[in-house]
Amino acid sequence: MCLYLLAILILESNCAAGHLHCVHLAQTQYQFGSRVPLKCFYGPGCVSSVHVASTQIIILVFGYGFLGAVAYLEYLAPLDSVCELMRSYPGELTMIVTLIATVLSVTTATLFTISVKEALRHRMWKPISLIHLSTGVALAQGSHILKHRYVGLTILTLFVFGVLRLLTAGWTTLLTPNYFMWPVQLNGSELDITGSAFAALLREEFLANGLTDIQENAFEILDIGGLLSGVAAAGFTFSLPGTFNFNGAKYNVSTNGVVPTIEEFSGSNGVPNANGTRLGFSGGNVTVNTRAVPGSHPSVYIPQGFSRNYSMWQQGLTANVSCQPIDSSQTQYVWDTNNSYVIYANAAASNNSITGLRLWNISANCGTDALTSYEYVTMVYANGTASSLGSGFLPSVVCPASMNMNQTYTNFTIFTQGFYKYKFLKASVCEVVPLLTTVRANYSNEQISSEVTSFTPFQPENVELLSFIAGVARFQSINSQGLMSSTIGDTLYSIYSSTTTGSIDDNLNNTQVYIELEDYWRGVVEFSATFLRSGFMAIGSFPNNVIPNNLSSQVNGTMFISTIGWTRWAKKSPTYLLATIPLTTITILIFTCALYIILEAWKEHHDRGCASDGRVHRRAHFDVSNTLHLIMACADGNLALADFDRNGIKENELAMVSLDESEAPKKKFVREPSVVHHKNWE
């Protein structure tokens, strides 16, 4: 289609009266014994077409150069200050881009009309039918014709008309910047708590401090942190807000055992004291060792962007927790809550004073043929009873190893039961199976959320890690119980009550209660791993704050920078390539016209020396798109045509005319003999 115009012009030229070339190419440089300058040889119209083509080349190179740069670099964004202006003034940005696109498209359209007018001017010096002349005039005016008898010409003009109209849309699509996420690869390292090297280090810490002493040093963070983590995890099941804060970092629902590997999300900037690292960690700055990986184009400017999100693959820790009531047939579970007595009674005490205290000795058989016992003290009336509504007692016993004596490193067991207002929780047992995980941690909106992608059970080298996690659970079970209530019991009671109607005793759903309990202990387990990683990665934990290679694990991921600019098109959506089709099409048409002008100028120069009709083709101004010029040429030539009836119009469309400039400065259309009509081109 893009060569259709050239084909029409050449075909009409061949249909006209033939001209013999009387001068060889080697002789064209000389006329009447004198050398003819190149400018005189081609004429001003030819030189103009070269200028037009050169200008269009510049526009085409700009378009494809910009497109190629985006395709090569993948991502292209201006300076941050410019990006901020673009975001702050979207209306002005649209106006500027549209203005640039309009200027470029109008320039290209103007160059096209100039090329068509010049080519048609050359063509009119030879016989041409009026229908083809009107087609050329329509193209020169950026318009179209609608002739059902000439489908080919109609399609041609409509196609060119449409392409010209699409130039602005194409440039706008190409130049308009869009918001996108610029990915940058990251890698680094964190503490590896899964291997034997960390097991040995943890064993040394146990021996040096003892678990009881460690818990006392880190009492506040273990108590409050573990509690809040469990509460957040349990409440999320019932669609309650689940944001957990630890060491200045915010976690969605629970920590999933991860520690921040991104500086902006690492939380506290405080420096821990001498005894505030490792197992004695009580808050402070955590070492982050994550760096950007140089891309394939390291010299390309990477903006700071409007915001940054991160997706990292790193280590985590979670647990499968399964809780169920203890059935009388399950003889392997020995749970005794009957050993209690009043150790203090004062019937004369005021309402705000303690009237009595009961000592509870709660025991369970942890599979070692010896009972594991915890002692609790609760407040009671002087007669030894307690209020079923105002008081709550929820004891727990943590067996630090599996009930299966053949596997002491894979899981641990928690026995628990509720009394008084927690009596909805019957005697129960929870099997806790910690899992070493790989997670995809997402850092966005100042919050860390993670998703487990793979997991493995604990191995023999993880005995110390299991002991620490079980110790944290034991610490929570003991310290959560006060004189009149238990934080674990209150968590179960309040969450369940807020999501049901009626009395908790009358409307009890055991399944939901156990789901709460399972999520609570899972949150505590995940927090214990985050606490452990934070303590050993805190500033001052290792010399020069560098984690040894045998204790480090690789992390990697992607930083996504929110910015504005241009990106390589997706394979399934080559929008930019489609946007260049109008520009490419018009450029090909301009070059087609320029080639025709040059060829005709060369032929006219040679034909001038042997013309038998004495005509001299001058380069005087004649604008074929100017209606006045056309009327003047028709009037000067006394062009006789048929009437305006149907047959007359058909006859006139096939009439052959040519532009005669022999009587300068007059220009006139003269009638030429008709030739055989070529239907293939209509």
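**View 1. Threonine 355 in the loop between strands E10 and E11.** In this predicted model, threonine 355 sits in the loop that runs between strand E10 (335-345) and strand E11 (356-365). Its relative accessibility is 17%, so threonine 355 counts as buried; the cut-off for buried is under 20%. A polar atom of the threonine 355 side chain lies 2.9 Å from the backbone oxygen of valine 380. Val380 is also one of the contacts of threonine 355 once neighbours within four places in sequence are left aside. Tyr381 and Ala382 are in contact with threonine 355 too.

**View 2. Asparagine 361 in strand E11.** Asparagine 361 lies in strand E11. With a relative accessible area of 23%, asparagine 361 is partly exposed. Tyrosine 374 is 13 residues away from asparagine 361 in sequence. In space, the two are 5.9 Å apart, C-alpha to C-alpha. Tyr374 is in contact with asparagine 361, as are Ser373 and Glu375. Asp336 and Asn339 are in contact with asparagine 361 as well. This list leaves aside neighbours within four places in sequence.

**View 3. Asparagine 462 in the loop between strand E18 and helix H10.** Asparagine 462 is placed in the loop between strand E18 (447-457) and helix H10 (463-479). Is asparagine 462 buried or exposed? At 1% relative accessibility, asparagine 462 counts as buried. A polar atom of its side chain lies 3.1 Å from the backbone oxygen of threonine 194.

**View 4. Helices H4 and H5.** Two packed helices are described by the angle between their axes and the distance between the axes. Here, the axes of helix H4 (residues 90-123) and helix H5 (residues 130-140) come within 8 Å. They cross at roughly 155 degrees. That angle makes H4 roughly antiparallel to H5, because angles over 145 degrees count as roughly antiparallel. The crossing of H4 past H5 is left-handed.

**View 5. Residues at the contact of H4 with H5.** Which residues of H4 meet H5? On the H4 side they are Phe112, Thr113, Val116, Lys117 and Leu120. On the H5 side, Leu133, Gly136, Val137, Leu139 and Ala140 take part. By class, this contact has 7 nonpolar, 2 polar and 1 charged residues.

Key:
Residues are numbered from 1 along each chain as its sequence is written. This is a predicted model: local features need pLDDT of at least 70, side-chain atom pairs count only at pLDDT 80 or more; totals for chains, interfaces and linings use all residues. Side-chain values use heavy atoms; hydrogens and water are left out. Axes are lines fitted to C-alpha atoms, for helices over the stretch in contact, and angles run from 0 to 180 degrees between N-to-C directions. Helices (H or I, at least four residues) and strands (E, at least two) are DSSP runs, numbered from the N terminus. Angles under 35 degrees count as roughly parallel, over 145 as roughly antiparallel, 65 to 115 as roughly perpendicular and the rest as oblique. A crossing is left-handed if the near helix is turned anticlockwise from the far one by less than a right angle, and right-handed if clockwise. Contact means heavy atoms within 4.5 Å. Ala, Val, Leu, Ile, Met, Phe, Trp, Tyr, Cys and Pro count as nonpolar, Asp, Glu, Lys and Arg as charged, and the others, Gly among them, as polar. Buried means under 20% relative accessible area, exposed over 50%, partly exposed in between (1.4 Å probe, protein chains only). A polar contact is a pair of N or O atoms within 3.5 Å; within protein, one must be able to donate a hydrogen and the other to accept it, and residues adjacent in sequence count only if both atoms are side-chain atoms.
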